[in-house]
Each structure stands twice: as structure tokens, then as C-alpha cells.
Amino acid sequence: MNTFLYLTRRVLQAIAVILIVTVATFCLLHALPGGPARGILGPQATAQQIAQFNHEQRLDQPLPVQYFAYLGRLLHGNLGTSYTLNEPVSQLITERLPKTLVLTVLSAAVGLLLAIPLGMWQAVRRNKPVDYIITTLSFVAYSTPVYFLGLMLVLVFSHILPWFPAQAPQGDTLGQVFADPAALVLPVVAGAASVVAVFSRYMRGATLENLSEDYVRTARAGGSRRAAILRRHVFRNSLTPVVAMLGYYVPVLFGGALVVEQLFNYPGMGLLFWTAAQSSDYPVLLGCVLVISVATVIGTLAADVIQRFIDPRVKEDRA
Amino acid sequence: MSAVVQPGQLPGGPGPSAGAGTEGPGLSGLRLAVRRFRRNRLAVIGLAVVVLFFLFCFVGPLLYSTDQTHTALNHANLGPSGAHLLGTDAVGHDELGRLMYGGKVSLVVGLAAGVLATVIGTLWGAAAGYAGGWIDAVMMRVVDAGIAIPALFILLVISAITTPGVGGLILILGLVSWLVPSRLVRAETLTLKNRDYVHTLRAIGGTHTRAIGRHILPNSVSTVVVAATFQVADAILLVAYVSYLGLGLQPPKTDWGGMLSAGLSATYSGRWWLIVPPGLAVILVVCAFNAIGDGLRDAFDVRGRG
Amino acid sequence: MTATDRSTTAAAGSTEPVLRLEDLGVTFSSETGDVPAVQGVSLYVRPGETLALVGESGSGKSTVALASIGLLPENARATGSALLGSTDVVASSERDLAALRGRTVSMVFQEPATALDPLTRIGAQIAEVVRNHRRIAAKEADALAVDLLRRVGIPDPERRARAFPFELSGGQRQRVVIAMAIANDPGLLIADEPTTALDVTVQAEILDLLRRLAVESGTGVLLVTHNMGVVADFADRVAVMLQGRIVETGPVEDVLLRPEHEYTKRLLAAVPRLAVAEAGQGTAAESGPESEAGASAADVPRPRYGTRAKTARPAGDPAEGERVVDLKDVSVVYGRRTNAVRALDGVSLHVRPGETVGLVGESGSGKSTAARVALGLIRPTSGSVTLFGSDLRRTRARARRSLRSGIGVVLQDPVASLDARMTVQECIAEPLRVHRRGMSAKERQDRVAELLERVRLPRAFAQRAPRELSGGQRQRVSLARALALAPRLLVADEPTSALDVSVQEAVLEVITELQEELGFACLFVSHDLAVVQHFAERVVVMRAGRIEEQGGTMATLLHPGTEYTRRLLAAVPVPDPVLQRQRRAARHAAAATAAGTAGPAAGGAGATA
């Protein structure tokens with residue numbers, strides 16, 4: 001399969017996935033107590049208002065017709081209006097999404113920069129004390145709920161040792177966020193911990209697998225030294241599955257951001273989502289879910305394309 | 001550590017102590033697996049930890065009986081002492097007793113939800129993998145869509161709509177976390193249905209039912225068992241998030257996550273006994289299940305990839 | 001050492017050996033204890049000569065090769081000494097070995113598909129070996145890599161140097177591995193089954209290349225192989241290994257033509273030999289020296305199962321109308337439009353009751369696909385399949401299933417053919433459970449016991465797990481399963497290609513006997529022309545999804561009607577060094593004529609001749 005065909009197919013798949021997500025959110029909207037009318041008009045709406053709204057919005061029409069109307073609204077970027085903040089949901093999300101992206105990308109980057117060398121180190125020192133220690137630490141890091149870890153970080157590095165602020169940067173613009181890098185440290189560390197845990201394990205496994213490949217023996221038979229083989233061959237070959245894995249990890253990163261933002265009061269999309277949940281602000285909730293899943297699908301797609309770029313081999317569709 | 005690493009849990013490849021040697025003759029597959037498992041120190045420790053926690057939660061209350069239904073405000077917020085080994089919480093429940101009581105819920109919900117997710121995922125994945133073609137494509141796009149929505153977001157939306165009981169919680173957690181096992185089992189099914197013995201069976205006129213029932217399912221048992229172990233670990237971790245997200249059980253019922261969330265307000269007041277014990281309990285048990293899963297994966301030689 | 005060494009050391013004693021093993025032993029530590037793999041092996045390789053190390057699987061021949069270059073796995077322990085020049089590999093540190101490997105000694109491996117780093121361009125992989133041992137600029141190393149690619153016969157080397165391994169065919173990949181091995185003109189080249197994974201025509205080219213390179217640079221070669229034809233084609237001396245020890249050593253003519261050790265004799269007797277007509281017949285190359293080869297058609301030693309081809313009924317004998325399976329104009333197309341791949345293209349073939357049809361071809365020829373179409377595992381895109389007189393497309397699912405009870409199947413892989421979770425009893429009884437629902441457990445048990453005896457396995461095997469059985473035993477269990485329903489047709493897809501020759505002989509013998517007794521027809525898929533020649537009455541030669549030619553086995557394989565079959569036959573190495581030398585010369589001559597030019601580019605003109 002050539003690259004163009006592969007890309008087309010992959011994009012079509014992504015579109016199919018997003019359509020399925022819209023069906024899910026549409027169903028959720030209709031499953032809400034009081035239906036979409038209450039969901040959009042808010043809990044204070046009277047029965048008469050609801051009836052009128054239902055008529056105006058053609059909610060008395062068959063569900064498939066309504067779905068396509070819903071899809072049409074989405075395509076125009078209309079995600080409804082928040083009834084607690086009285087602003088279009090799309091606008092709220094556009095303001096906050098970049099901040100969440102900054103947080104997640106930083107967490108992922110810091111996490112990967114640590115995880116990849118750690119994983120390789122473990123593989124090389126397999127079954128030595130270092131391997132056991134890092135394995136145990138990654139189990140612990142993986143098993144600690146983010147909110148607990150975040151709180152412990154604040155307790156130690158903000159209260160007991162006053163090194164970092166307990167709150168994330170509060171500014172509205174990205175410039176303001178970056179103006180206070182110290183305040184970003186604890187949230188990013190809290191977000192990165194599981195990335196290190198998961199990806200060091202993953203890199204360890206991939207490296208071990210590659211170390212037993214035939215090409216390593218061929219390189220040794222050619223007189224290459226161990227360090228050179230690791231650097232030139234094993235590293236790159238182990239990285240490709242890790243990149244693919246990163247695609248599937250995107251939703252987990254967003255899930256982590258949800259908790260981290262709430263914990264550090266970081267005004268991103270996670271916090272928006274959190275507050276919306278407390279006030280049952282359904283348009284915001286569903287809008288966020290939709291945007292997050294689109295972001296996830298794009299993230300997965302990007303990871304696949306990058307992997308394809310690193311690894312030129314023609315691959316079976318593994319979807 | 002966002003809850004639930006959706007795709008593939010803690011991956012690892014051959015773990016510490018995975019046997020590299022050749023298989024000796026006369027050793028049955030299961031015996032060999034047990035032997036490999038036992039050589040994985042972390043996995044054996046994990047198994048011991050899980051057994052201890054089950055004893056603690058289910059046998060413990062018989063030896064250390066406490067009242068976990070009535071509040072006793074005059075005994076609230078006491079530090080550890082002879083009468084209350086781990087002190088008391090904000091409404092006067094004995095903290096050690098509560099750890100046992102909450103642990104029961106965490107373990108039962110985690111175990112049940114993990115198993116439920118594995119069952120759903122196995123059926124879905126096996127069906128998709130065996131059917132192949134467009135049915136497979138559609139079923140897997142549904143899985144992709146499910147994976148695209150982070151579990152914590154779904155749980156938070158649900159918490160805005162309803163507050164479930166224990167049964168509801170199991171159902172919800174099971175329904176948000178079956179996606180990973182379904183991918184694993186599908187991949188396994190794809191491999192197995194192209195094994196020569198399945199081809200042979202089909203060629204002489206054996207039915208699909210027989211191919212699935214006699215060959216594919218029995219041979220995916222080890223994959224499923226490994227997936228289930230990781231799934232339980234993730235479910236227990238998810239349970240710990242549930243109260244934090246506002247989906248928790250109503251007092252006086254609780255679980256470790258509920259205790260942890262309730263204790264968070266005490267972080268800066270020095271009442272460490274309200275957060276450290278439930279926090280450690282969650283971490284230890286989830287670690288233990290992950291270590292067991294890791295050991296099983298090596299022992300069965302299963303590739304735990306999404 | 002108990003081996004009978006008849007090689008005269010006097011003649012060539014003048015040159016120092018490049019490799020000298022003295023009392024080499026290798027022990028593997030496993031979960032179940034220590035396993036000695038090699039014991040007391042002593043041998044030497046002189047510059048410019050090829051020593052073939054032969055033996056069946058588990059004989060320790062590959063372990064000796066790996067020990068000689070210090071690449072044993074971590075759980076292996078070596079004793080004795082392995083001298084490369086003056087360095088003892090057994091006692092050397094990894095660091096010293098790295099300095100040696102790729103310069104003094106290098107290695108070519110069996111599996112070209114996995115031997116190269118998939119993500120690094122081939123030019124860079126060769127340049128890496130060069131730069132491991134020479135302090136030269138990257139540019140210079142790249143240029144050397146291109147030169148090396150040219151030397152190993154890769155066309156358009158400047159462009160190919162930038163290719164990734166997956167863009168090359170198996171044979172070309174093996175050439176790249178060879179280029180890496182000769183990059184620094186090593187004194188010793190170790191080749192571990194270098195052509196086993198390749199098609200026979202590619203094998204001939206690779207052997208030609210290795211021979212040419214060895215002669216050009218005076219490199220000593222340690223060739224590890226199980227294939228006596230390859231030995232005859234390539235080796236100067238032979239060492240035969242059995243259970244970790246060398247049992248016989250000597251010049252290739254002596255060992256292959258006048259073996260002394262009992263094991264060597266048995267081994268050679270089990271090798272299926274290709275009967276050949278006047279070598280080079282129909283080509284421009286035959287003349288004087290060929291006449292000697294012509295005689296071999298008659299008096300080649302025959303394996304015990306091979307009686308069929310001689311007695312072959314001429315095509316179109318009795319029961320002309322009746323056919324157990326009949327493919328008519330079958331095509332199988334995968335993918336659509338621009339991506340479409342024609343796996344089969346207008347294939348028509350049939351099998352009559354009781355006869356054996358051999359389906360031969362190289363990898364990708366579609367022979368297995370054709371067998372799978374006959375089995376109903378692959379639905380043809382067009383054309384019809386008739387099984388026992390019923391058109392499969394016009395039969396209802398239920399009837400189709402009962403039709404299929406008349407088929408028995410044996411597939412290639414002994415491991416994948418049996419479900420590891422079942423006992424032998426359950427494996428063999430499976431067809432009975434599918435088609436004889438009424439059978440009681442006791443009856444089933446008796447039937448399985450009877451089948452086990454039929455395939456000459458002890459009854460007690462019924463309770464064993466497949467993993468406790470050897471490859472040959474597993475294939476016999478598969479055969480027992482295939483015969484459970486007393487089929488009218490046995491489809492065997494490369495049933496013995498994963499087995500050692502002695503085991504292959506035993507399995508084919510059992511099939512032949514049972515066929516005489518039970519009278520089933522057999523569709524036999526194989527890449528091995530010699531086996532098919534002895535085993536089948538009719539042969540169908542396939543190439544790239546089409547049928548190249550078909551007819552009676554002896555007629556077709558002795559006097560092929562197409563150029564392709566002729567080339568295929570010419571490329572098969574025969575386990576007789578004298579004969580093989582002539583065949584090689586004839587093949588080169590034919591190739592030169594066909595190419596129109598007799599230049600050396602045609603594939604290394606007979607270097608040893």
C-alpha cells in the first residue's frame with residue numbers, strides 16, 4: 001500500500017470514529033433527564049418553555065432527522081451555549097484548549113524524555129537490581145491516583161519545602177502561563193509520572209525484544225560494539241512501537257489533565273469540564289467530550305503517520 | 001498516573017526473571033507456567049500482598065470489630081491510640097475498621113468490574129476477530145470511538161446525571177473499561193484463526209462453532225487471564241477515582257477512594273492517619289495486581305499489546 | 001575423537017589453517033538443567049578451502065559455527081579452544097572479539113528476512129561494518145559499500161544502497177548480508193545454512209556467488225548445512241556431526257560417494273535424489289563430459305517410498321471421467337483495482353481416484369493457494385471447484401460439510417498443525433467428533449488406537465501432549481487425524497519440508513503404504529522436485545499463479561517441456577560432487593547462452609571446475 005492510499009484510508013477511519021462519537025454524544029444528549037431541551041435551556045426551564053423549544057428545534061421529528069440536524073450544527077462549530085456562563089461552548093473551549101494542550105504536551109515530553117532512556121537502561125541491565133528498582137518505582141507511580149500524588153507533591157514541595165507555588169499559572173493567555181514557569185513544575189510532574197511509568201515499561205519491553213532480533217547478531221558478527229548497536233539500531237527499532245503506543249495514550253493524558261487542572265486550579269479545559277459537571281452544565285460537558293475525542297483521534301492519527309514516517313516498511317493494517 | 005491506562009495497561013515485554021531457557025520434556029504447559037511465575041519475585045510478592053489484603057478486609061473485621069454505621073462525633077478526629085489503632089475520622093469511625101470496611105467495597109467492585117470488562121471485551125474482540133471483513137472494521141471503529149473518550153470524562157458526565165450504588169458502579173466501570181481487552185483478544189483471535197489446526201478443521205467440514213469453542217477460546221485463555229489481571233488493577237484504581245469525581249457511595253458506605261477523598265481536606269492539618277493508610281492501601285493493591293499480571297504474562301508468554 | 005578422518009593432511013599442510021577447533025565443547029544451561037550440545041569437536045579450515053559441517057537438526061552444527069565466532073547465546077558455556085589465527089575465541093573478551101568479527105572472521109546467517117536492521121538503509125549497514133575496522137571517512141565508506149554491492153551482484157548498486165531491506169527480495173537480502181561479511185576481506189567466512197530459506201534457483205545463484213568470492217580472495221569457508229546437494233556443490237571437505245560429535249571427516253568425494261560411518265550411510269540413503277536425463281538436454285551445452293551424467297537416470301539410489309513414478313500410468317488411463325477433485329479455470333485475486341494481486345490465474349488441475357499428483361513450484365508460485373482452494377479454505381474469485389463430483393458453489397452448506405468428510409489434510413508446520421491444548425487422542429478424534437456424532441467414547445478410543453498403529457506410533461501416545469512429540473511424530477499424528485474418516489483424498493501441503501531427511505523418508509513411506517492399502521488419492525504440494533519425482537505419478541509445475549506445465553512425473557521432470565522447468569531442475573543440487581560439478585557447468589553454459597553473452601556477469605563462471 002502506498003503512502004497516499006494509507007493516509008486516505010487512515011483519515012477515513014478517523015472520520016468514521018468521530019462520527020461514532022457524535023452518535024454517542026447525541027444519544028447522551030437525549031438520555032439526559034428532561035432531554036435536550038432541559039439540557040440546553042437549563043434546569044430552571046418551565047414545561048411550556050420546553051414544549052416551545054422542542055417545537056422550534058424540531059425535536060418532535062424522528063431521531064435520525066434530528067441527528068443530522070445535530071451533525072449540521074456541529075459542522076458549523078455550534079456546540080450550544082453554556083447556561084451557567086452564558087457563552088457559546090465553542091468559544092469557551094477555544095479559550096481553554098490551548099492551555100490544556102500546553103500541560104499535556106509538556107507532561108508527555110518530560111515523561112518520555114525520562115522514560116525512554118530509563119527503559120533502555122533497564123533492558124540492558126535486565127534482572128539486575130537497577131531493573132527491579134525501576135520496575136517497582138514504575139508500578140508505584142502507575143498505581144498512585146493523580147489527585148493523591150498531586151497533593152503529596154504540594155505538601156512536600158510547596159508547604160514543607162517552599163520551592164514551588166501550589167497553584168498553576170492563572171493567566172488567561174499562553175504568554176501569562178509561560179511567564180511563571182516555576183508554577184508549572186508541580187502540575188507537569190504530576191502529569192508526567194504515569195507517562196514515565198508506562199513508557200519506561202514499554203521501552204524496556206521493546207528494547208528487550210529487539211535485542212533478541214537477528215539483526216543484532218548480524219551487527220555483532222560485523223564487529224559492531226554493544227553500545228553502537230544500541231544507539232544505531234535497537235534504539236530506533238524500539239522507538240517505533242512506542243510512538244504508536246503514544247497515540248493510544250492521548251486519552252489517558254487528557255484524563256490526567258482533568259484531575260491535575262482541578263487540583264492545581266489551572267484554567268484549562270479540564271477545569272472547565274470539572275466545574276460544568278458540578279453545575280450539570282450539559283452543553284459544556286458534551287462539547288468538551290466531543291472536542292477531547294476529536295483531539296484524541298487526531299493524536300492517534302498523528303502518531304500513526306509519524307510511525308509510518310520513521311518505519312518505511314509496508315505494514316498490515318493493525319487497527 | 002491518570003487512571004486506567006486505556007491501551008494495554010502497564011506494558012513490559014518479558015519482565016524480570018522471564019525464563020529464557022528451553023522447555024524441558026515432560027513438563028506440562030501449566031506446570032512450566034507456574035514455575036516461571038514463581039521465579040518472578042515481584043509477582044510472588046504481589047500475590048502475597050493481594051492475599052494479605054483479602055484476609056485483612058474479609059477476616060480482619062472478625063478479629064477487630066468496629067461500628068461503621070453510626071457516627072460518633074464525640075470520638076471524631078482522634079489520633080492513633082490503644083483504643084483506635086489508626087485513630088478516628090471526622091465523624092468518629094474507627095479508621096482501621098473503616099480501612100477493612102472500605103477495602104471490601106474497593107476489592108469487590110474492582111474485581112467484579114475488571115472481570116465484567118474482560119468478559120465483554122473478550123466476547124466483542126473474539127467476535128470481531130473471527131468474523132473479519134467489514135464486521136470487524138465496524139466493531140473496531142466502535143472500540144476506537146470508545147477509547148477516544150477518556151474514561152474519567154465519561155465518569156464525570158455520569159456523576160453529573162446520577163449517583164449509583166455498588167451494583168451500578170460495577171456496571172458503569174465495566175462498561176467504560178472493556179475496550180482494551182477487546183483489542184487484545186481480537187488480535188489473539190486473528191492469530192489463532194489462522195493456525196493450521198483451525199484450517200485443517202475447517203477443511204474437513206468442522207463448524208465455526210467448533211473452531212471457536214474447541215480451539216480459539218481455549219487457546220486465548222492465557223491472554224484473557226493476563227488481561228483480566230491488569231483490568232482488575234485498573235478497575236481498583238478507577239474505583240479510587242470514583243469518589244473524587246463525585247460518583248462515590250453515600251455515607252456511611254465508603255471505599256478506599258472515598259476515604260482518601262474525604263481525608264484530603266485534612267492534608268494540611270497533620271491528621272496523616274486519614275490519608276496515608278487508604279492511599280497506601282490503594283497503591284499497594286494496584287501495584288500487586290500489576291505485578292501479578294506482569295508475572296502471568298511472562299509465565300504464559302503472552303504479548304500484552306493493544 | 002572417534003571420527004574417521006581420511007583427509008590427507010600432507011597435501012595441503014603448507015598453509016596455516018584460518019580456523020582450528022580443538023576439543024570444543026558447548027553446554028547450554030536451561031530451566032531443566034545443563035544440556036551438552038557439542039562435545040570434543042576438533043576441525044580446521046585452511047585458506048581458500050570450504051569445510052562443510054553437515055548433520056540433522058540438533059546435531060550441534062550451528063552451535064559449532066556460533067562458537068567459532070564467539071556469538072553463542074548467553075546461556076551457553078564453551079570449553080576447549082577455537083583458534084582464529086592465534087586468537088582463542090573461547091577465552092577472549094567481548095571487546096577483543098568485536099575487533100575480530102567482521103575483519104578476521106565473519107558470518108552469513110540462515111534467515112535473510114530478519115538478518116538486516118529493517119530501519120537502516122542497506123548501504124549504511126554495510127558501511128558500518130567497514131567503519132568498524134577501518135578509520136576512513138563516512139563518504140569513503142559509503143562508496144566502498146556501493147562497490148561491495150556491485151561485487152555481490154546487486155544491480156544498480158548506487159541506487160540500491162539507499163534502499164531499505166524490505167524493498168529487496170530474499171535472495172538480494174542474502175547478497176547484502178554477504179556483502180557485509182566480505183566487507184573487510186576476512187580470512188574465514190562462516191555460512192550457517194545460507195541458502196536454506198531461499199528458492200532453489202536463488203540458492204544456486206547464492207552458492208555461485210559465495211564460491212566466486214571465496215576463490216577471489218582466498219577466504220576459508222565453514223559451511224553449515226543439512227543439504228547434501230549443497231555440500232556436493234560447494235565443499236572441499238566434509239565433517240558429519242551426530243549428537244554433538246563429529247563422526248566422519250574427509251574430502252567431499254570420499255564422504256558423499258564412499259561413506260564409512262554407518263550414520264553417514266543412512267543419512268545419504270535417505271536423501272531423495274533427483275533423477276536426471278542427459279544433463280543440459282535441449283540446451284546448447286551438452287557434449288562430451290555430459291554423457292557420464294546421462295546414465296544416472298536409471299541407477300540413482302531410490303528411497304524406499306519411491307516406486308510410484310516408474311510405474312506411472314500414462315496420462316489418460318482408466319477412469320478417465322472420474323475425478324476426486326477438479327479445479328477448472330480457477331483464479332484468486334486479492335485486493336481491488338490497482339492493488340489487485342493475482343494469486344492464481346486460470347488454474348485447471350484435477351486428481352483422479354487413487355493417484356498422487358505433485359504440485360511443485362517456487363515460493364509465490366501459488367501452489368499452496370491452489371491446494372487451499374481445493375480444500376475449500378479459499379474461495380476462488382472465478383472458476384469452479386468440483387469435489388467428489390459436486391460443484392462446491394452449487395452445494396448447500398450442510399451437504400458441503402459432509403462432502404468434506406472425504407478429505408484428509410496434512411499441513412507443513414508440525415507445531416502449528418496440532419492444538420497444544422489437546423492430547424494426541426483428542427487431536428486424532430476431532431474429525432470423528434465432527435462427522436461421526438453417534439460414536440461412543442469407547443469406539444472413538446479404539447479407532448484412535450488403530451489409527452496410531454497405522455501410522456506406526458505406539459498406542460500409548462494417545463495420552464501424550466503434542467509438545468512431548470518430535471516433529472516427525474507430530475506429522476504422523478496429523479496423518480492419523482487425516483485418515484480418521486477413511487478419506488478418498490489426502491491433501492498434503494509440504495508435509496515433510498520441516499523435517500530432517502531421515503524423518504521425511506519415514507513419513508513418506510508411511511503415506512505410500514497406507515495409500516496402497518486404503519487407495520486414497522493424494523494432492524502433494526512440495527518445493528522439493530526430487531521428493532515429488534519419487535512420490536507422485538503426475539506433476540503440475542506452477543509459476544507466478546499459473547500452471548507452467550503438467551504431465552506424468554518421469555516424462556515431465558526428465559524431459560521438461562518449458563524453459564522454466566528446465567531451469568528449475570538444473571538448479572537442484574544433487575548429492576554427488578562429480579555429477580554436480582558437471583551439472584553446474586552445464587547450467588552456467590546454458591545461462592550464458594540464454595543471456596547471449598558469456599561474460600562473468602552471468603553468475604560466476606565455474607570457479608572450482
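This is a predicted model: local features need pLDDT of at least 70, side-chain atom pairs count only at pLDDT 80 or more; totals for chains, interfaces and linings use all residues.
1. Chain B, overall. Of the 306 residues in chain B, 57% are buried. As for how the chain contacts itself, take the contacts between residues at least 6 apart in sequence: 74% of them join residues at least 24 apart.

2. Where chain B meets chain A. Chain B puts 47 residues into this contact, and chain A puts in 60 residues. On the chain B side, α5 (133–148), α6 (151–161), α10 (208–244) and α12 (276–300) each supply at least two residues. The top contributor there is α6(B), with 8 residues. Sorted by class, the side of chain B that touches chain A has 35 nonpolar, 10 polar and 2 charged residues.

3. Domains of chain C. Chain C is split into domain 1 (1–104 + 187–271), domain 2 (114–185) and domain 3 (351–376 + 398–571). Domains 1 and 3 of chain C have their C-alpha centres 34 Å apart. They do touch: 12 residues of domain 1 of chain C are in contact with 9 residues of domain 3 of chain C. On the domain 1 side, α8 (200–217) and α11 (262–270) of chain C each give at least two residues, and α8(C) has the largest share, 4 residues. By class, that side of domain 1 of chain C has 5 nonpolar, 4 polar and 3 charged residues.

4. Strand β14 of chain C. Is this strand enclosed or open? All the way along, it is covered: 5 of the 5 residues of β14(C) (residues 356–360) are buried, so the strand is largely enclosed by the rest of the structure. In a regular strand, side chains alternate between the two faces of the sheet. Here C:Thr356, C:Gly358 and C:Val360 point one way, while C:Val357 and C:Leu359 point the other way, and all are buried.

5. Neighbours of β14(C). One partner is β19 (residues 521–526) of chain C, parallel to β14(C) and joined to it by 5 bridges; within that pairing, C:Thr356 has C:Cys522 as its bridge partner. The strand β20 (residues 538–543) of chain C is also parallel to β14(C), with 4 bridges between them. In this case C:Gly358 has C:Val539 as its bridge partner.

6. Helix α17 of chain C, geometry. The helix covers residues 441–454, and at 1.5 Å a residue its 14 residues should span 20 Å; the end C-alpha atoms are 20 Å apart, which agrees. Just past α17(C), C:Arg456 has a positive phi of about 60°.

7. Which residues of α17(C) are buried? They are C:Val448, C:Leu451 and C:Leu452. These cover an arc of only 100° around the axis, which puts them on the same side of α17(C). An α-helix has 3.6 residues a turn, so residues three or four places apart point the same way. The other side of α17(C) carries the exposed residues C:Lys442, C:Glu443, C:Asp446 and C:Glu453. Among the elements covering the buried residues of α17(C) are α16 (424–435) and α18 (471–483) of chain C.

Terms used. Residues are numbered from 1 along each chain as its sequence is written. Chains are lettered from A and ligands numbered from 1 in the order in which they are written. The expected span of a helix is 1.5 Å times one less than its number of residues. A residue is buried if 20 or more other C-beta atoms lie within 10 Å of its own, exposed if 12 or fewer, and partly exposed in between; C-beta atoms are placed from the backbone. The arc is that of the directions from the helix axis to the C-beta atoms. Two residues are in contact if their C-beta atoms, placed from the backbone, lie within 7 Å. Two strands pair if DSSP finds at least two bridges between them. Domain bounds come from an automatic or database domain assignment. Ala, Val, Leu, Ile, Met, Phe, Trp, Tyr, Cys and Pro count as nonpolar, Asp, Glu, Lys and Arg as charged, and the others, Gly among them, as polar.
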